[in-house]
Amino acid sequence: QTKEFRIGLITPAGHSWNRAAVAFGETLKKETGGRLSATVFHSGQLGNESAMMQQLQSGALDMGWIQAAELGSRVATVAAINAPYLVRSTAAVAQLVKTPAALKLLEVLPRETGCIGLGWGITGMRSVFSTKDLASSADLKGLKLRINPTPVYRDFYQSMGAAPTPIPTPQVFDAMANGQVDALEADIEFSWNARFDKVSKVILQMNALFMPFAPLVSGRVWASLPDKDKELIREQVAKSLDAQIAEIAGTEPGLLAKFKETGIAMKAEPAANVEASIKAFDAIWLPKAPAIAELRTAGAKL
Amino acid sequence: MLTSLFFLAVMFIGVPIGICLCLAGMFYIWDSGNPLLFQSFPMQMFGGVDSYGLIAIPLFILIGEIMNGGGITRRLVELSMAFIGSVKGGLAYVNILANALVSSIIGSATAQVAIMSQVMVPQMEKQGYDKTFAAGLTVYGGMLGPIIPPSVMFVVYSVLAQVAVGDMLIAGILPGILLTVLFFVLIALMGLVYEYPRSERRTLRQRARSVAVCSPTLLIPIVIVGSILSGLANPTEAAAVGAVASALVGRYVTKEFRFSQIPEMLVRSGIYSAIVLFLVAAAAVFSWILIFGKVPQATAAWVQTVAKDPVTFMLLSNVILLVIGTVIDGIPGLIMTVPILLPIATEVYGIDPRHFGVVVVVNLVLGLMSPPVGLSFFVAAAVTGAKPGKMFIVTLPFFLVCCVALVLLSIFPWLSLGLLK
Amino acid sequence: MQQPAPPRRNGLSSLVLDASSAVLRLERWLILGLMALLMALILVNVATRYTGMPIYWIDEAAVYSVVWLTFVGGSAMTRLRMDFAVTLLTDKLGAGAARIFKLTAGGGVLVFGLAMLWMCWIWMDPVGIARAGFDAKEFAGTSFNFLYTERTQTLNWPTWLLQTILPIFAFTLSLHAAANLVEDLGWQPKRRHAGFPVSDAEAVVN
Ligand code: NA
Ligand code: NA
């Protein structure tokens, strides 16, 4: 029988996650001669991630490409993937998310969230954009830093003495321009689209954090699919994720070069600070998310 | 299709609009044979108002309540009068000018209409204007609220379209001035046909006295703008700071405000906010169901087969948005249409997303003043007691002028982008 | 218009109006409190952030006070008959037909209130969670309903606690809709509600 999958995402139409979702739908349609297809609902049209999760659980929505922050806020062990310094470059992120240690995190999802995780896609390493001069994370002390409000990030930046400040995404640019916050942290793709360089003095490349996402399938929908289709979907999702990951890793150097051209000062977090940061963070998070240790081991080998 | 018939039926029976949207949504779920959606319905309503941007609505309405209680808006209006002087239809010009001034403080059309119709309509009535015309004119003046910065709608748009917030706000300045000028011209032309009362003659000395007496009230916009520029507050929070400033100015400068009025004002602004917010929640659940049913997507596919060039696409988008704007208001309208239309606009027709944003926002704001769900008219009606239907008919020339402005904005991108270059 | 029947002081209809009035008084205090809370949260946020000690959960608390305001106010405005409706058609009808339309419209509100109660019931599944011994995880495992395992992002409160406003809203809306119907049917005289802005429904609709 024919089946049309509804896929929900919060990112806007042109975003690399969306293009990956659309590409998945197209190859799925081609492979099955139109028997299976997918429609992508971008920009949070079906609700925010929390609302999409609920629709996935009830089976109203077939698939959702959901950020690790949302999953980590539900299942602490999944938050391990958000831990700082698992790897130190976007190129290494691209490899890390495909390791067994990273994929194993998804195994708890059916029981804990009622959804099946089909792998990881990525965004690049996050950088700090600041209106004050920064040479390293030591200068973050006392700064009002706008962060993505996920507990892992909060604890990481708090350990450096920054004051994590939640500002709603639409107001971040103005908050920086007006000095409500002194700095923000974001990935390079998003920062270039928002042109945060226009309201910043310095970009500090922390090379510590990244925000992956997982394509999820509703557990109820998954159970109703024949094994042959499950296999095909896994295959096609993996293929589109591979392309997405390669694209992020490939375009990031170009975006960094564009930032450099604007004349903004670019600094990198000195390696000397990393050990102390890891120690402070792991003291809090290792008990909650023991998988961090395994991910660090996997990351070190890359 | 069946759902729209059902919606129209319950609406004309007289079921409140918010409830109509909810009932129509439930009807669609039942009709589409996907009963799983019933389980997500309550949460989707919750999610519709679970948004930081909406905090601005109660704050903006509260600041308006306090400004009026303290006689502050009235003094800002008097300041506008001192500038306009004695001309035929003077108060009509004052209405528009004062609205343009207040727009630089307030980011929502409905809040502004609520405030300005409390102040302007009784004054205009006293001078002999028809109440319905006065209220209708204030509705169009209030249109400047979300177009002249700050603007909640532009902020929402910039999130959906991933363009810089600052760019969107600047893009609204010229269109705001364009509309103000067009309204002035229209009042002058209408003055050739109708006998508008002439505003009182005042000497230069009287005017100077007005300016001196009324100037302290300018403290409030200064506090609001200052708190934003100094980095103390974002535009939403600035409304709360402004509310405190208005209370203090009202109590100690104009001496018309008593702190004992605060509880009553909180209840009133809470109720007025809930009227708007509940509509937002209902519209959110309704558009969620429409999107689930791929109604907007089907529309987009059809658009592409009809429009061959950017200008045709823009004009066609305008027609579609006007139709959508008749039943769905501002922010929910943006949420529903931008994700569908914007990719077509930018990718197929090469339209600048900021230009498109201005056109979409102006268009959806115009939807606030078109029947049958013209929120602004209902707000003005609730405040003044004039009839919304009659208001629309009496001010029809203003609606047509807005349509002209919309065509100009669609055809000439520099009206939106000029200040950005 | 028909003559209202003499009030039946001890009837069920009187009870409905009394209950609705009591709820409305409570809603007035809630609206007042939520607005005051919202103002306080925003001002504290401004002050603490300016002094370099931002409080992490304030924005989220402010957003949820507005969500509660929406539904508490949405219920109250129904009883106050302050919601927008289109009576373009009903204005043109004779008294008898207009009365039927008005009752149908009132019935529509009641139907929505009851349907909302039912939707909240299947969503929150109170019997299911009780049967699972109020063990959120076990309940989620058998029902695929993870509502009771979720927490908010920065306040870290149970999400369902905040969302109880929806069934409360559904209940109070139904009660107010029933009270409006009791008045419209002429079973009881119309009541006035002190402490609210005065707004006649006829002035709001067109
Ligand atoms: Na404005
Ligand atoms: Na409308």
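Author: What follows goes through several features, each with its general idea and then its case here.

Author: This is a predicted model, in which local features need pLDDT of at least 70, side-chain atom pairs count only at pLDDT 80 or more, and totals for chains, interfaces and linings use all residues. Residues are numbered from 1 along each chain as its sequence is written, chains are lettered from A and ligands numbered from 1 in the order in which they are written, and side-chain values use heavy atoms, with hydrogens and water left out.

Reader: How many helices and strands does chain C have?

Author: Helices (H or I, at least four residues) and strands (E, at least two) are DSSP runs, numbered from the N terminus. Chain C has 8 helices and 0 strands, and its pattern along the sequence reads α-α-α-α-α-α-α-α.

Reader: What percentage of the residues in chain C is buried?

Author: Buried means under 20% relative accessible area, exposed over 50%, and partly exposed in between, with a 1.4 Å probe and protein chains only. Of the 206 residues in chain C, 54% are buried. Helix 2 of chain C is mostly covered, with 22 of its 22 residues buried.

Reader: What span should helix 2 of chain C have, and how far apart are its end C-alpha atoms?

Author: The expected span of a helix is 1.5 Å times one less than its number of residues. Helix 2 of chain C (residues 58-79) has 22 residues and should span 32 Å; its end C-alpha atoms are 32 Å apart, which agrees.

Reader: Which residues of helix 16 of chain B are buried?

Author: They are P296(B), Q297(B), A300(B) and V303(B). These residues cover an arc of only 115° around the axis, so they lie on the same side of helix 16 of chain B. The arc is that of the directions from the helix axis to the C-beta atoms.

Reader: At what angle do helix 2 of chain B and helix 3 of chain C cross?

Author: Axes are lines fitted to C-alpha atoms, for helices over the stretch in contact, and angles run from 0 to 180 degrees between N-to-C directions. The axes of helix 2 (residues 17-32) of chain B and helix 3 (residues 95-124) of chain C cross at roughly 55° and come within 10 Å. Helix 2 of chain B is therefore oblique to helix 3 of chain C. Angles under 35 degrees count as roughly parallel, over 145 as roughly antiparallel, 65 to 115 as roughly perpendicular and the rest as oblique.

Reader: Is the crossing of helix 2 of chain B and helix 3 of chain C left-handed or right-handed?

Author: A crossing is left-handed if the near helix is turned anticlockwise from the far one by less than a right angle, and right-handed if clockwise. Helix 2 of chain B passes helix 3 of chain C in a left-handed crossing. Within chain B, the axes of helix 5 (residues 72-84) and helix 6 (residues 90-103) come within 9 Å and cross at roughly 125°. Helix 5 and helix 6 of chain B are therefore oblique to each other, and their crossing is right-handed.

Reader: Which side chain is joined to that of Q188(C) by a polar contact?

Author: A polar contact is a pair of N or O atoms within 3.5 Å; within protein, one must be able to donate a hydrogen and the other to accept it, and residues adjacent in sequence count only if both atoms are side-chain atoms. The side chain of Q188(C) has a polar contact of 3.0 Å with that of S13(C). Q188(C) is buried, at 3% relative accessible area.
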